[in-house]
Structures are given as structure tokens and as C-alpha cells.
Amino acid sequence: MICARHVFRCFKWLERMGDRFTGAAGPYFVGLAIILQTIGAASFFTVIQPNLPLPWLTTPPCLLIALNLFVHYYYVCTVPPGFVQDEPSQPGDSLLWASLSRTSPSSGVWWSNCGIILYTASTSQCRRCGMMRPERAHHCRICGRCVMKYDHHCPPFSGINQCVGLHNERHFVLFMAYLVLSTFWLSILGYSQALEALGLNFTNHWPYMVPQLAYILTYMLSVVLCISVFIMLSWHLWAVARGETSVEAQDHEVYKRIAKDRGDHFVNSYDLGKSTNLRLFFNVGRGGYPWYTLILPLRIMPYTDGCSWARREGLERHLGIQEGEELTDEDDNDDE
Ligand SMILES: [Zn+2]
Ligand SMILES: [Zn+2]
């Protein structure tokens, strides 16, 4: 038992050292991600795009996908995720911000007049940083702070290197969606040029600005990213559709087991049905922003300030889980 404890501590120490090392290298990974995206866009627009039919029809959507990719990447890396001690965010009034089609409060909770019931969040004190925080906030070990609607901390090698929470989770999901779209079209439409670059069509003809080797590597990376990010995106969208963050998806699996052992049934009170959960997450549709904010790279506010949450009618807490059984950040137990 003592041996297992030592091994556990050793792994935790290695994990913290790994975090420190990759944290220090974070800006280099971000720089690498920007370079790779730029090479990808240059490969598409100089090698593939000139060969597409009906350029007046095909160029605008390609430009829009590329613009969304770069802008959502910028937002997910730079918009603070919603640290508990930060001042409440306010929507901006520049052209980068979408405007609501109706009169709405400049902060706080929206949607409350659209048939969706919002309950004030319960609060608790973080045992690590000592901050009072609303429910769905978690302490990020790497940032050393509590984040509202904490989803996960994106590691530096992902090219993002920051927490994903209430204020940038939408940009994170949209960035993945546009990354899948752009790599998918590059993989499908750039297939014949990839054969050309590899010399497999026996023409030995390469009239493009991008070197053949750079194109081949970009093409291969695109195929790999398209498949892997599609899997991640699908998992995230599935969690969003069930009204869960990544952390909650794991916690709820434990709650379901606890409830089942007791002969009970766990009910996630944040789950308002798939379409409402998705509309709340992207904050579009009746009561939220216009649908075009999904295809234009604009900034918008989340539907809540993180101190109130939409719940199923009559449920102020989850069903099937009793007080004291909820998992906390301390269950991660890395201070032991
Ligand atoms: Zn904390
Ligand atoms: Zn973090």
C-alpha cells in the first residue's frame, strides 16, 4: 500500500515536471501551430484553389472557412476562459462583436424570458486557491486558478496552451469544426496534386510556388488531423448535446454507477434536451444571437455569466446523487 502511494506520488511529480516543461515551451508550440496553419492555407490557395471550377462560386466559401479557422484559433488562445476572480465580462461594441437582435441585458443572464428556467448557482470555496466560486467552476492545476464552467486545460503541444471554459469553449468547438472542414476539403480536393507531387502520375510537372515536399507533408498532416480532430469534435459535441462539460461527462459516469448501485437513476439537471443544449452552448436562435454567428467569425457572449444555469424545470440539483457524494477537485488528489 505504501509502495503504491510512493509510485503514485512519483507519477504526480513527473506529471508536474512535464507540465512545467511543456508550459515553458508553450509559446513555441503556438508559433508552430500558426506556421502550420499558414502553410496549409498557402498550399490550398496556391495549389488547389486555382484548379477548382467556377472560381467565382468556390472561392468565397473557401475564404470564409479559412477566415473562421484563423479567427477562432486566435480567440480560443487569447479570450480568457473566465477566471473566477476576473471582473464579469462585457460584450464589446467593435465590429468584431455580433449584436443581438433584441434588447438584452449587457451582462448577466439571457434567455430567461424565452421559456428556459435559470436557477442561481450554488457556491463553494476552492480548497486550493481559497476563492468562492459558483457551481460548474473547477480549479485548474496548471493555471492555479478556478475557471467558470471549466472544461479542460488545453496542453501546449495542442497549439492552444490555455484553459477552455465559459468564455472560450464555443471558440474551441468552432475552431475544431473549421479545422475538420478545411483539412477535409484539402484532403479531398488536393488528392490529384498530392499524386503529382509524389511523381505518381508520371508527368513530372509541378508549376506551383509551394515546394513539392512541403505540399506532401501538408497533405499527409491534413489527412491525419481531419480524422483525429473529427473524433475529438464528435466527442465534444456529444457531451455538449447532453449538457455536460468534459469534466462533468467523467463525473456523471461515476454518479450513474453510484445511483445504479442504490437502485436509483441519475438525472443531469443541466440536460434540457439535445437541441436546446446545443442552442444554449452556441447561444443562437430564439433568445440568443442570430444563426449567422456560426459561419461568421464574430465574438458573442455566453448565455449566462456563470452564476446562474439553465436547468430542467423543478430540478435545482441533479437527481440520483445525494449530498456529500458529489466529486470535487480534491478527488483528483494531486496534493497528497
Ligand atoms: Zn481554485
Ligand atoms: Zn488551466
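## A guided tour of the chain

Start by selecting residues 172-192: their end C-alpha atoms lie 32 Å apart, and the span is 95% helix and 0% strand. What you have open is a predicted model. UniProt, in an unreviewed entry, lists 172-192 as a "transmembrane region", along with 21-48, 54-75 and 212-233.

Now select another of those stretches, residues 54-75. Here too the span is 95% helix and 0% strand, with end C-alpha atoms 32 Å apart.

**Zoom out for a moment.** Colour the view by secondary structure and you can look for eight helices and eight strands. The chain has 336 residues, of which 30% count as buried. Among contacts with a separation of 6 or more, 70% join residues 24 or more positions apart.

**Next stop: two helices side by side.** Select α2 (residues 26-48) and α3 (55-78). Their axes come within 11 Å and cross at roughly 175°, which means that α2 is roughly antiparallel to α3. To see where they meet, show the side chains of Val30, Gln37 and Ala41 on α2, then Ala66, Leu69, Phe70, Tyr73 and Cys77 on α3. Sorted by class, this contact has seven nonpolar residues, one polar and no charged ones.

**Then the largest core.** Which residues have the most contacts inside the largest nonpolar core? Pick out Val76, Ala137, Val147, Phe175 and Tyr178; the core has 24 residues in total. Two or more residues each come from α3 (55-78), β5 (145-147), β7 (163-164) and α4 (169-189). Of these elements, α4 gives the largest share, eight residues.

Click on Tyr178 while you are here. Beyond its neighbours within four places in sequence, Tyr178 is in contact with Ile65, Asn68, Leu69 and His72.

**Last stop: a loop residue.** Select Val284, in the loop between α8 (274-282) and β8 (308-310). Is Val284 buried or exposed? It counts as buried, because it has 20 C-beta neighbours inside 10 Å. Residues to show around Val284 are Arg279, Tyr289, Pro290, Trp291, Thr293 and Leu294, which it touches, leaving aside residues up to four places away in sequence. To finish, draw a C-alpha to C-alpha distance from Val284 to Leu100: these two are 184 residues apart in sequence and 9.7 Å apart in space.

Definitions and conventions:
Residues are numbered from 1 along each chain as its sequence is written. Chains are lettered from A and ligands numbered from 1 in the order in which they are written. This is a predicted model: local features need pLDDT of at least 70, side-chain atom pairs count only at pLDDT 80 or more; totals for chains, interfaces and linings use all residues. A nonpolar core is a set of buried Ala, Val, Leu, Ile, Met, Phe, Trp, Tyr and Cys residues joined through C-beta atoms within 7 Å. A residue is buried if 20 or more other C-beta atoms lie within 10 Å of its own, exposed if 12 or fewer, and partly exposed in between; C-beta atoms are placed from the backbone. Helices (H or I, at least four residues) and strands (E, at least two) are DSSP runs, numbered from the N terminus. Two residues are in contact if their C-beta atoms, placed from the backbone, lie within 7 Å. Axes are lines fitted to C-alpha atoms, for helices over the stretch in contact, and angles run from 0 to 180 degrees between N-to-C directions. Angles under 35 degrees count as roughly parallel, over 145 as roughly antiparallel, 65 to 115 as roughly perpendicular and the rest as oblique. Ala, Val, Leu, Ile, Met, Phe, Trp, Tyr, Cys and Pro count as nonpolar, Asp, Glu, Lys and Arg as charged, and the others, Gly among them, as polar. UniProt positions are given in the numbering used here, feature names are shortened, and annotations may be inferred rather than shown by experiment.
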